[in-house]
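Please read the points below beside the coordinates, and check each of them against the model as you go.

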Amino acid sequence: MGLCSGKLGGGGDCVDILETTAWIRGVVTGHQAKRKGLSKFCKFSFEPLGSHCDDEESSHTISVAFLDGKGQPREVNWIIGVSKIKNPSISHGPFNAECQARKSFLPDFSNFLCNSRYKRAIFLVNIPDLIYLEEKTYLTGKRFHLVVENVLITKKCRRLSPSLLQAGLDLTHLNVALATLAQFHAASLAWKQSLQDDSVLDVYPFLSKPPCPMMSVEERQDLLLKYKMVLTKLHNNQLPERLALKLDYLEQVNQKLTEPDEKEISHVLATVGLGAVSPLDLAFHYPFAPSVN
């Protein structure tokens, strides 16, 4: 079993939640209680995936093999995310935002889709299924433990190849990504318009947070400037018009990545966004095995 960095405990008493199998045994047992039960654990496998978002969270893959209540072999493949202990007043960032959304908004959103007359509406939201979520309170702040399915195994998806990560998405992958985001936006718009009043932010106040809370406007402008300098150098100080136009567009987008005002939030076409989606967050399901670059 790999040792990971998901510490649990209050005050000065901190232990690693994956240092033993006790915590994950409890999660698997609770998960199976609604299914075919559990009679015996057989194997545990952990692999640290590292830290993300300035060490805001650490994540790990886990596989657990067991026998169900009828003695049949089963296996679960999950990803565990553990946030830092933070004061609630400064708890922000993409991981905390995801946990907040999964805690209250997404269950209500899923119920709306399940009750839709369009029977396949639930499949319009293509994000990993939630397995377990808990919010722990300590003397020094709060922390989330999030467990979701590992779609690389459960859905047989694949992450982007190194070449696409470095050079950017090709047209085929970009169209799929945009279509998937469009499905989510359209479904969230239908949900918002189904509500009886306009008090969405009263019930889900975290939905008003900016999509890039970890980075200031100045930091983003600095990154864009450095990117422009690299491109200019690559083109011998003669930046092609199409690239110049793209850089201008990125600058316009950058200016809009601030906290939305009341006019934007109350707009009839305002939807729920997924934040700043990185290529590192994407996994694709291919009808055939793609070539590895």
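1. Two strands are taken as paired if DSSP finds at least two bridges between them. In this predicted model, strand 4 (residues 57-67) and strand 5 (residues 73-83) are joined by eleven bridges and run antiparallel. Within this pairing, Phe66 stands opposite Arg74 of strand 5.

2. The two strands make up a hairpin in which five residues lie between strand 4 and strand 5, and Gly71, in the turn, has a positive phi of about 80 degrees. Strand 4 is also mostly covered, since ten of its eleven residues are buried.

3. Helix 1 (residues 22-33) has twelve residues, which at 1.5 Å a residue should span 16 Å, and the distance of 17 Å between its end C-alpha atoms agrees with that expectation.

4. The buried residues of helix 1 are Trp23, Ile24, Val27, Val28, His31 and Gln32. Because they cover an arc of only 160 degrees around the axis, they lie on the same side of helix 1. This spacing can be read against the general rule that an α-helix has 3.6 residues a turn, so residues three or four places apart point the same way. The exposed residues Ala22 and Ala33 are carried by the face of helix 1 that is turned away from its buried side.

5. Where does Ser188 lie, and which residues does Ser188 touch? Ser188 belongs to helix 5 (residues 171-194) and is buried, with a relative accessible area of 0%. Leaving aside residues up to four places away in sequence, Ser188 touches Phe109, Thr271 and Val272.

Methods
Residues numbered from 1 in each chain as written. Predicted model: local features only at pLDDT ≥ 70, side-chain atom pairs only at ≥ 80, totals over all residues. Heavy atoms only, no water. Helix = DSSP H or I, 4+ residues; strand = E, 2+ residues; numbered from the N terminus. Expected span 1.5 Å × (residues − 1). Buried < 20%, exposed > 50% of the residue type's maximum accessible area, 1.4 Å probe, protein only. Arc of directions from axis to C-beta. Contact = heavy atoms within 4.5 Å.
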